Amino acid sequence: SIVYLNGEYLPLEEAKIPVLDRGFIFGDGVYEVIPVYDRRPFRLAEHLRRLQHSLDGIRLANPLTEAEWSECITHIAEAAETEDQGIYLQVTRGPAPRDHAFPKVVRQTVFIMSTPLTTPPRELVEQGVSAVTAVDNRWLRCDIKAIALLPNVLLRQLAVDAGCAETILLRDGFLTEGAASNVFVVRDGVILAPPKSNLMLPGITYDVVLEIAANQGFAHAVRQVSEAELRGAEEIWLTSSTKEVTAVTRLDGRPVADGRPGPLFWKMHAAYQAFKQTVMRA
Ligand code: PMP
């Protein structure tokens, strides 16, 4: 398939970067994953805004204008094989002699590719997934979508090792997010979301779910969620661009409530699918 690298469109096999790229040497870069439905990028403006926040967070100039990003992403989405896709884009501080300090002259590396997107299969929606918990041992700038994902990789592998789908993270006794998702909890019929802060990635899907809750009049609150509240939850949901909204039905080997996706999950799932449809028809 066709990818974008530093101003050129070329086959993936021909896309090459120098080994001294700071992305490779230091993990010095940021990224985005943008879902595409029917070849239409979903919430593109919001993803580009978060990209700018990440770039500002690592003090790296945005190499492209919003119009240029939009054009490149649309081009890649049109050239791809499938209608539904995940657009992956990455910006690094580029190649430079190895030195922690920023190079004097920066030539950012810009890479964009498309991979087929498979939305959660029916079985997974109906049964939910299992999750484990772990102490959130990441840094204090989890709001930056950094390509340096080693902590997330190690945390996610804990779930894989336990035959589970995700690792839910707790910092100082409070829920932060998943290794690669945001987490919602239902208590007393109220949807609870941890507040955005430096301790979690501001998920685009997280915003969509809160918007839907507001529009549909589902009781919800943005506030800290304690470990006890997580463990005693009526429902637990994961959200991300690729997982959409997925119910967690087992936590650390124990069923969440009766071990099946709960009533509010089904309402939110239906509203989320309807919301996607309106965007696709727009
Ligand atoms: N938190 C983390 C750590 C993530 O990696 C992701 C995305 N993979 C999310 C939350 C969810 O963000 P989004 O809804 O924008 O996909």
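Modeller: One term before we start: domain bounds here come from an automatic or database domain assignment. Also, this is a predicted model.

Colleague: OK. Which domains does the assignment give?
Modeller: Domain 1 covers 2–116, and domain 2 covers 122–281.

Colleague: What separates their centres?
Modeller: Taken over C-alpha atoms, the centres of domain 1 and domain 2 are 26 Å apart.

Colleague: And how many residues are in contact?
Modeller: On the domain 1 side, 21 residues. They are in contact with 14 residues of domain 2.

Colleague: Which elements of domain 1 supply at least two residues of that side?
Modeller: Strand S3 (29–37), helix H2 (44–57) and strand S5 (85–92). S3 gives the largest share, with seven residues.

Colleague: How do the residues on that side divide by class?
Modeller: Eight are polar, seven nonpolar and six charged.

Colleague: Switching to the ligand. Which residues come nearest?
Modeller: There are 14 residues around the ligand. Leu 201, Gly 203, Ile 204, Thr 205 and Ser 241 come nearest.

Colleague: Which elements give two or more residues to that shell?
Modeller: Two do: helix H6 (204–216) and strand S13 (235–240).

Colleague: Where does the largest share come from?
Modeller: From H6, which gives three residues.

Colleague: Last one. What's the make-up of the shell by class?
Modeller: Eight polar residues, five nonpolar and one charged.

How values were computed
Residues numbered from 1 in each chain as written. Predicted model: local features only at pLDDT ≥ 70, side-chain atom pairs only at ≥ 80, totals over all residues. Near = placed C-beta within 6 Å. Helix = DSSP H or I, 4+ residues; strand = E, 2+ residues; numbered from the N terminus. Nonpolar A, V, L, I, M, F, W, Y, C, P; charged D, E, K, R; others polar. Contact = placed C-beta atoms within 7 Å.
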